[in-house]
Amino acid sequence: MPTKKQHRNCAMNNTFNPQRMRISRSLEVWKMGTFNYLRALKLQEKLGSDRKACKISDTLLSLQHPPTYTLGKRRTDHNLLVSEHDLKNIGAELHYTQRGGDITFHGPHQAILYPIISLRDIGLGARNYVEKLELTMIELASLYGVKARAGQKGETGVWVGDRKIGAIGVRISSGITSHGLAFNIDPDLSYFNHIVPCGIADKGVTSLRRETDMLLPAEEVIHEQLISCFAKVFGFSNIVWKDNASIISYNQIIE
């Protein structure tokens, strides 16, 4: 249990200091493969609590989910076009969350990042944070000759023309982030037919595979490139890869 002195130190760490922007900053990365959505949610809650208490450093979860639809805190159920029973028939789950944003789909062949970081430590507000998440995906797309852009008024995420390639939905509590971004590498886009993606009815959805003329490498390579883009955009100079034993230990706590 943190002492009073540790709590004071934590409070000091959560106060923005411009001098920190010039200090080498480390990001701990957990490569988790395919991971159940509810377990990932519990893990984010535990890590968020630990980050708030200064028990861990800034952390990034890199993963993908089995077919899963999620709704944000606005509860826009009308943008789900089929019943929950129909979703079960296609092997998909539906979950309600406390993140921002509208309904979206997560599934195989997406690259998902869930940052558990202190915005106060790096002096970012919510809007700038989201803009940097957008830039992270724009940078990744550019590696494959794809010109992506941030959403215009009324649009969220990252787009190629009028087709969405990356979604963003975040939660910020006491300056600590959770949830994050999902970039379409080569998912089955038919899953998006069952929803109004992000609540925007007249736009399409696309993927890196559809938009690039380049031969894509193994998906693990693209996941690592997305991590590198995130670290670059957010100014992390050192990436520390979490070992499997530590990940297993945390998994046991949330089970």
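This is a predicted model: local features need pLDDT of at least 70, side-chain atom pairs count only at pLDDT 80 or more; totals for chains, interfaces and linings use all residues.
Reader: How far apart are the closest N and O atoms in the salt bridge of arginine 163 with aspartate 162?
Author: Numbering starts from 1 along each chain as its sequence is written, and side-chain values use heavy atoms, without hydrogens and water. A salt bridge needs a side-chain nitrogen of Lys or Arg within 4 Å of a carboxyl oxygen of Asp or Glu. For arginine 163 and aspartate 162, the closest N and O atoms are apart by 3.5 Å.

Reader: Is arginine 163 buried or exposed, or in between?
Author: Buried means under 20% relative accessible area, exposed means over 50%, and partly exposed lies in between (1.4 Å probe, protein chains only). Arginine 163 has 31%, so the residue counts as partly exposed.

Reader: Which residue forms a salt bridge with lysine 31 at 2.6 Å?
Author: Lysine 31 sits in strand β1 (residues 26–34), and the partner sits in helix α7 (residues 219–234), 193 residues apart. Helices (H or I, at least four residues) and strands (E, at least two) are DSSP runs, numbered from the N terminus. Lysine 31 is partly exposed at 33%. The partner is glutamate 224.

Reader: Which other residue belongs to the salt-bridge network of Lys31 and Glu224?
Author: The structure holds twelve salt bridges. Some link up into a network with Lys31 and Glu224, and the other member is Glu220.

Reader: How many residues apart in sequence are the parts tied together by glutamate 139 and lysine 232?
Author: The two side chains meet in a salt bridge at 3.6 Å, N to O. Glutamate 139 is partly exposed at 25%, while lysine 232 is exposed at 62%. Glutamate 139 lies in helix α5 (residues 126–142) and lysine 232 in helix α7, so the separation in residues is 93.

Reader: What is the strand order of the three-stranded open sheet?
Author: Two strands pair if DSSP finds at least two bridges between them. Strand β3 (residues 68–71) runs parallel to β4, with four bridges. Three bridges join β3 to β5, and that pair is antiparallel. The pairing is mixed, and the order is β4-β3-β5.

Reader: Which strands are the edge strands?
Author: An edge strand here pairs on one side only. The two are β4 (93–96) and β5 (104–106).

Reader: Which residue is the bridge partner of threonine 70 in β4?
Author: Thr68 and Thr70 point one way from β3, Tyr69 and Leu71 the other way, and all are buried. Tyrosine 69 stands opposite leucine 94. The bridge partner of threonine 70 is histidine 95.

Reader: Which side chain makes a polar contact with the side chain of arginine 99?
Author: Arginine 99 is in the loop between β4 and β5, and counts as buried at 5%. Contact means heavy atoms within 4.5 Å; beyond four places in sequence, arginine 99 touches residues including Gly169, Arg171 and His179. A polar contact is a pair of N or O atoms within 3.5 Å; within protein, one must be able to donate a hydrogen and the other to accept it, and residues adjacent in sequence count only if both atoms are side-chain atoms. At 2.8 Å, the partner is threonine 70.

Reader: Over which residues does pLDDT stay under 50?
Author: The chain averages a pLDDT of 87, and 87% of the residues score at least 70. The stretch under 50 has three contacts beyond four places in sequence, and covers residues 1–9.

How values were computed: pLDDT is the predictor's confidence in each residue, from 0 to 100.
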